[in-house]
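Let's take a walk through this structure together. Have the sequence and the 3D view side by side, and follow along as we go.

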Amino acid sequence: MIRKLAIAAAFMFFAGAASAEDCAAITVEDAFDLDDAAIAGLYECLGAKMAEGYAAEGDEVGSTYRSWTASQTAGAVQGAHGKRILFTYANDIAAEQYLKFAEEGVDMPVGSVLAKESISISTKKKKARPGPLFIMTKVGTDEAPETDGWLYAGLQPNGKVMKVKQSFCHDCHISWESQDALAYPVEEYRVSQ
Ligand code: HEC
């Protein structure tokens with residue numbers, strides 16, 4: 001009886017693993033060719049797993065960001081953060097201003113946090129898998145004078161803290177200086193106010 005159960009459990013495990021693999025498979029040659037249906041399918045496949053992963057080490061942002069305000073209607077591939085599907089959430093302090101997607105004179109309040117989850121696309125391996133959670137926190141210019149008051153951070157898909165070089169992130173984000181270093185999601189996927 002016990003042996004039968006063990007075999008059944010092993011079978012269920014392998015069946016589960018196989019279907020998880022299949023639903024993360026991709027057929028396109030380029031991440032930019034993923035259409036909305038394919039992206040929705042990958043979210044169905046990996047969405048819960050990625051949130052569990054970011055929360056696995058108890059990180060506060062990693063454990064709570066999914067309850068924040070979604071800034072976009074669906075995940076989208078942008079390009080600057082690698083070939084990844086991106087989806088940004090804004091915490092309560094950030095949401096009102098962030099979701100205006102304003103282009104001039106933006107000054108986010110201290111305490112604003114933006115968390116951007118990602119699904120990495122390997123067209124070589126024909127597979128998608130959870131990518132890092134990218135985080136920006138407005139701490140103010142006293143604490144972060146060299147990055148206009150922003151602290152950049154990241155979590156690996158297993159919830160472990162990533163080593164992040166502040167200048168690496170900010171040197172690119174400062175391209176959007178009049179938007180307080182925020183780049184915003186791809187236009188057609190922004191939540192309309
Ligand atoms: C080569 C340019 C570039 C670099 C380097 C870069 N980013 Fe970004 N980042 C972007 C762009 C473009 C977006 C908007 C992409 C989207 O959501 O579609 C973005 C969006 C974000 C957002 C969502 C808030 C926003 O700007 O709208 C966070 C959080 C973020 N990046 C964190 C990081 C962190 C942390 C690093 C360093 C580890 C980093 N970024 C490095 C270009 C960059």
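The residues lining the largest pocket split into 22 nonpolar, 6 polar and 4 charged. For that count, Ala, Val, Leu, Ile, Met, Phe, Trp, Tyr, Cys and Pro go down as nonpolar, Asp, Glu, Lys and Arg as charged, and the others, Gly among them, as polar. The pocket holds about 620 Å³ of space. Of its 32 lining residues, those closest to the centre are His 81, Lys 116, Phe 134, Met 136 and His 173. Elements giving two or more residues to the lining are β2 (76-79), β3 (82-90), β4, β6, β7 (150-155) and α5.

A few words on how that was worked out. This is a predicted model, where local features need pLDDT of at least 70 and side-chain atom pairs count only at pLDDT 80 or more, while totals for chains, interfaces and linings use all residues. Residues are numbered from 1 along each chain as its sequence is written, and side-chain values use heavy atoms, with hydrogens and water left out. Rolling a probe the size of a water molecule over the atoms shows where empty space is left. Here a pocket is an open set of points on a 1 Å grid over the protein atoms alone, where a 1.4 Å probe fits, with protein on both sides within 12 Å along at least five of seven lines; lining residues have an atom within 4 Å of a point. Points are joined across faces, edges and corners, and the volume is the space filled by probe spheres set on them.

Two of those central residues turn up again at the metal. His 81 and His 173 are the protein donors of the ligand's iron atom, each through NE2 and lying 2.0 Å from it. (Donors are N, O and S atoms within 2.8 Å of the metal, or 3.2 Å for Na, K and Ca; water is not among the atoms, so sites may look incomplete.) His 81 sits in the loop between β2 and β3 and His 173 in helix α5, so the pair ties together parts that are 92 residues apart in sequence. Ideal angles for six octahedral donors are 90 or 180 degrees.

Are these two histidines buried or exposed? His 81 counts as partly exposed because its relative accessibility is 21%, and His 173 is buried at 13%. The cut-offs are under 20% relative accessible area for buried, over 50% for exposed, and partly exposed in between (1.4 Å probe, protein chains only).

Now step back to the whole chain. It has 5 helices and 7 strands, running in the order α-α-α-β-β-β-α-β-β-β-β-α. These are DSSP runs numbered from the N terminus: helices are H or I with at least four residues, strands are E with at least two. Buried residues make up 39% of the 193 in the chain.

What holds charged side chains together here? The structure has 6 salt bridges, each a side-chain nitrogen of Lys or Arg within 4 Å of a carboxyl oxygen of Asp or Glu. One of them pairs Lys 138 with Asp 180 at 2.7 Å, N to O. Lys 138 lies in strand β6 (residues 133-138) and Asp 180 in the segment after α5 (166-173), so the bridge ties together parts 42 residues apart in sequence. Both partners are buried, and salt bridges with shared partners join Asp 107, Lys 138 and Asp 180 into one network.

Another bridge runs between Arg 66 and Glu 117, at 3.0 Å, N to O. Arg 66 is in the loop between α3 (60-64) and β1 (69-70) and Glu 117 in strand β4, so parts 51 residues apart in sequence are tied together. Glu 117 counts as buried at 0% relative accessibility, whereas Arg 66 is partly exposed at 32%.

Last, check the backbone. Most residues other than glycine have a negative phi. Ala 181, in the segment after α5, has a positive phi near 70 degrees, and is buried with a relative accessible area of 1%.
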